[in-house]
Amino acid sequence: MRLSRRSLLATTTAAVAASAAPAVAAPGPGSGHGGGRTLRTGFERLAADGYALLDGRRVGVVTNPTGITRDVRHIVDVMHADGRVDLAAVFGPEHGFRGTAQAGGSEGRYDDPATGLPVYDTYLKSGQALADIFTASGVDTVVFDIQDAGARFYTYIWTLFDCMEAAQLAGLSFVVLDRPNPVTGRAALGPVLQKEFATFVGRQPISQAHGMTVAELALLFNEEFLTAPVALETVKMSGWKRSDFYDASGMPWVPPSPNMPTPETALVYAGTCLFEGTNLSEGRGTTRPFELLGAEGVDGRWAAAANELGLAGVRFREAYFAPTFSKFQGKTIGGVQLHVHDREAFDPVRTGIGLLITAKRSWSGFAWREDNWIDKLTGSTQVRTMIDAGADTDEVVGGWQQGLAAFRRKRRNHLLYR
């Protein structure tokens, strides 16, 4: 029997609805950080306060499968079962609210089988068109709760931006429930987008690895980039420090998209996603997307050249793999696998640049995508043209330092945590 996507949603969410309960379990011993710290997400703090912030409001939630409690119940199911919240709608981003769609897809408009709530599709919608969807839903407050991956080209932060802009146009309030940046909030890294290269993988001039949480980004967007500010409220986490990696949170990891299976994927993603702009595989269709990179004709010379760079915190292994979809589907190809051995020292963006340079030098078949997608990912023509001109890793990284320093100063004004 062949199941449609909607049939699949009905069968997979019925059990979730049956298990939903009105309360959120308090974090137990050992469920968070060492040293006596226990992380509580924005949603956990909202629920612990009896949803007082949402009292008297008609609420719609922008979320996806990552919007969970620490006992892995979805916040929509929890709130729907709680009479203290008037939950009227759900808004799904890329991949969908329940996460059934692959990259570049969404679930469309449907009624959620588990809750009966109307689910609206926000993917690739912005401005007045998205504002009209919010208006049609009948909500007066939009709540955002999605786990980010820490990179400018991960589209959920631009879903956040677009929804903030649309809520302002519709005259609605906007609430952001914060979650950890899985790769820490220590530093902003990489080139800053130039506005003429704005797309859905980068709407505004922020750095390639932003080092911020979604609540911090919301504050930045509201004060620096929106034409007019939205009525914004944020619910901070407690127990999170900027130096924390995701495993310090005590929270389960739910893949925020099909090709972000683990926190280790997020660790390298801000650098190796740049291979989407080349004719090499970025590891989609493998069990290690963004950690495996390669193409037909690549051999051990690439791994050797990459290791010779002496990049901090990472080593490269000659690897062979056969992607099950995307580039080189079903073909055995050669390349490298990244092995991060010191995540404190590892710089994903510098590493991505070093890998691009050594791939180009060690494999004669290297090419950029014909649409120069690399420029959209890096935010300008600078990285591509410098690599084509023979620049080394230090030279390419040095080329963006002035813009990065300016962004770091701007970013500092919107940080909520130490």
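**Exercise 1.** Locate Val72 in the chain and state whether Val72 is buried or exposed.

*Solution.* Val72 sits in the loop between strand 1 and helix 3 (75–80). Helices (H or I, at least four residues) and strands (E, at least two) are DSSP runs, numbered from the N terminus. The relative accessible area of Val72 is 55%, so Val72 is exposed. The cut-offs are: buried under 20% relative accessible area, exposed over 50%, partly exposed in between (1.4 Å probe, protein chains only). Next, the backbone: phi of Val72 is near 60°, a positive value in a residue other than glycine.

This is a predicted model: local features need pLDDT of at least 70, side-chain atom pairs count only at pLDDT 80 or more, and totals for chains, interfaces and linings use all residues. Residues are numbered from 1 along each chain as its sequence is written, and side-chain values use heavy atoms, with hydrogens and water left out.

**Exercise 2.** Find the loop that holds Leu124, then give the phi of Leu124.

*Solution.* Leu124 lies in the loop between strand 4 (118–121) and helix 4 (127–137). Its phi is near 65°, positive in a residue other than glycine. Leu124 has 57% relative accessibility, so Leu124 counts as exposed.

**Exercise 3.** Write down the strand order of the open sheet and name the edge strands.

*Solution.* Seven strands form the open sheet, in the order 3-4-2-1-5-6-9, with mixed pairing. Two strands pair if DSSP finds at least two bridges between them. Strand 3 (110–111) and strand 9 are the edges, each pairing on one side only. Now take two pairs from the sheet. Strand 1 and strand 2 (residues 86–92) run parallel, joined by five bridges. Arg58 has Asp86 as its bridge partner in strand 2. Strand 5 and strand 6 also run parallel, with four bridges. Thr141 has Ser173 as its bridge partner in strand 6. Finish with burial: five of the six residues of strand 1 (residues 58–63) are buried, so strand 1 is largely enclosed by the rest of the structure.

**Exercise 4.** Which elements do the buried residues of helix 6 pack against?

*Solution.* Helix 6 (residues 214–225) has ten of its twelve residues buried. Among them are Val214, Leu217, Phe221 and Phe225. These buried residues of helix 6 pack against strand 5 (141–145), helix 5 (156–170), strand 6 (173–177), strand 9 (231–235) and helix 13 (401–412).

**Exercise 5.** Which residues touch the most other members of the largest nonpolar core?

*Solution.* A nonpolar core is a set of buried Ala, Val, Leu, Ile, Met, Phe, Trp, Tyr and Cys residues joined through side-chain atoms within 4.5 Å. The largest has 100 residues, and Leu160 and Phe174 touch the most other members. Helix 5 gives the most to this core, with nine residues. Apart from this core lies another, of 22 residues, including Ala47 and Leu177. Now list contacts (heavy atoms within 4.5 Å). Leaving aside neighbours within four places in sequence, Phe174 contacts residues including Val142, Phe144, Leu160 and Leu232.
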